[in-house]
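Thanks for asking me to look this over. Here are my notes, in a few numbered points.

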Amino acid sequence: MLSAEQNRALMEVGRGTLMGELLRRYWTPFAAVGELDQQPIKAVRLMGEDLILYRDNSGNYGLLDRHCAHRRADLLYGWVEECGLRCNYHGWKFDHTGACIHQPFEEVAHPDARFKDRITTKAYPVEARAGLLWAYLGPLPAPEVPVWEPFTWGNGFVQIVLSEIPCNWFQCQENSIDPVHFEWLHDNWSLRIKGQTNGKAPPMHLRIAFDEFEYGFTYRRIREGQSEQDELWTVGRTCLWPNCLFTGNHFEWRVPIDDERTLSVGWFFDRVPEEMEPFRQERTPYWHGPIKDERTGRWIESHVMNQDFVAWVGQGTQADRTQEHLGESDRGVILMRRRLLEEAEKVKQGLEPKGLIRDPTAARFVQLPIIGRDFFLAGYSLRDVEGGNNPFRYPKQFIFQAGQPEELTRAYQDAMGMRPDGSPRSPEEVAADRKDAAATV
Ligand code: FES
Ligand SMILES: [Fe+2]
């Protein structure tokens with residue numbers, strides 16, 4: 001059980017707060033690159049700060065104070081130019097470093113005064129990686145943006161799913177180090193939702209273990225029917241420091257919007273069969289996942305992450321940890337809380353927290369614990385999945401969140417050499433189609 005003060009410390013993300021300062025030491029994804037394709041300016045709230053994201057006509061990304069440094073107009077209604085973002089109120093223009101680079105009337109009235117040289121606005125660095133936009137809100141120099149191992153994989157169908165969750169980020173992140181919930185929130189509850197209990201229970205957890213490493217923690221489990229040789233025990237899954245879950249081929253970041261809202265950023269990789277190689281995506285597709293069933297007014301319960309969302313928001317907008325009763329299943333949660341508070345304390349003392357990468361070479365490829373790494377690297381043939389083999393590696397549908405747009409479902413099925421019913425096409429069929437397609441080009 002935590003004191004009210006510790007509880008608050010873990011949840012507050014504003015500038016100057018204990019956790020807010022720790023989280024600002026890391027790059028965090030906060031949008032999909034594709035979000036700026038239709039409209040190059042987007043309002044963003046991140047860790048309690050109101051910001052404006054834009055991509056100018058030269059391709060520079062800016063993340064500025066949402067309000068103009070002149071008289072605070074809303075830059076969402078400005079426009080981008082070759083270089084920078086111009087305010088619609090009096091035409092001041094800012095570049096992605098926060099420098100004011102044009103003040104139309106001031107420059108007419110006082111051509112030599114160079115008033116603009118004394119004006120800057122808040123600006124944070126932004127980098128594009130793996131179809132995501134990443135922001136760094138901490139002190140400069142910024143560390144490197146880590147290129148996590150799966151970002152380097154080829155021949156994958158990647159999709160990004162964004163959802164706004166109306167609760168504090170930290171209860172979402174506690175879920176990243178909570179193996180036992182899987183058996184109940186996902187397995188047992190799903191059976192009940194589908195009315196498929198029939199007296200049979202999913203395998204129980206028998207043992208769990210937690211280990212810390214440079215980029216977070218691994219959690220390992222043995223369930224009934226599994227052994228110490230299973231990769232769930234020998235490798236485990238990753239609670240990725242400081243605000244992410246990594247399961248081997250997908251990431252789920254819990255990005256604080258402010259103290260009461262969280263942006264769930266999911267990045268999912270599915271290896272396409274070798275018959276579909278080479279496979280490349282021009283743009284990583286993204287979509288917004290709904291969390292509420294508008295017909296019933298209840299939270300959506302049908303998909304894995306939606307079930308997680310139900311648990312998180314159910315804990316209250318901000319979980320009251322002074323009221324909990326922690327047991328053996330919560331050892332990972334306790335460990336993570338302690339380490340976050342310790343690392344935040346280090347930052348407060350002016351020290352560098354764990355997990356930052358300053359060496360550009362090291363950042364270019366950061367290995368993580370990955371169950372089934374060989375599969376993702378070596379690939380597979382449609383022959384291997386005939387007859388429903390390997391359903392986990394060749395999922396018939398997107399099981400993580402509800403609401404996948406139809407065109408994306410179709411794009412996924414095409415990429416996977418899959419029929420609309422989710423069954424694999426034959427390698428010969430795929431080869432003939434590809435030949436036809438090549439002939440039409
Ligand atoms: S308020 Fe933006 S230019 Fe005046
Ligand atoms: Fe879960």
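1. Two strands pair if DSSP finds at least two bridges between them, and strands are DSSP runs of E of at least two residues, helices runs of H or I of at least four, both numbered from the N terminus. In that sense S1 is joined to strand S10 (residues 132-135) by four bridges, running antiparallel; threonine 28 has alanine 135 as its bridge partner in S10. The open sheet has three strands, ordered S1-S10-S9, with S1 (28-32) and S9 (126-129) at the edges.

2. A word on the basis: this is a predicted model, where local features need pLDDT of at least 70, side-chain atom pairs count only at pLDDT 80 or more, and totals for chains, interfaces and linings use all residues. Residues are numbered from 1 along each chain as its sequence is written, chains are lettered from A and ligands numbered from 1 in the order written, and side-chain values use heavy atoms, without hydrogens and water.

3. Do look at the iron ion (ligand 2): His181 (NE2), His186 (NE2) and two OD atoms of Asp308 coordinate the ion at 2.0 to 2.6 Å. Donors here are N, O and S atoms within 2.8 Å of the metal (3.2 Å for Na, K and Ca); water is not among the atoms, so sites may look incomplete. Both histidine 181 and histidine 186 are buried (under 20% relative accessible area; exposed is over 50%, partly exposed in between; 1.4 Å probe, protein chains only).

4. Arginine 55 and aspartate 37 form a salt bridge at 2.8 Å, N to O (a Lys or Arg side-chain nitrogen within 4 Å of an Asp or Glu carboxyl oxygen). Arginine 55 counts as buried because its relative accessibility is 15%, while aspartate 37, at 38%, is partly exposed.
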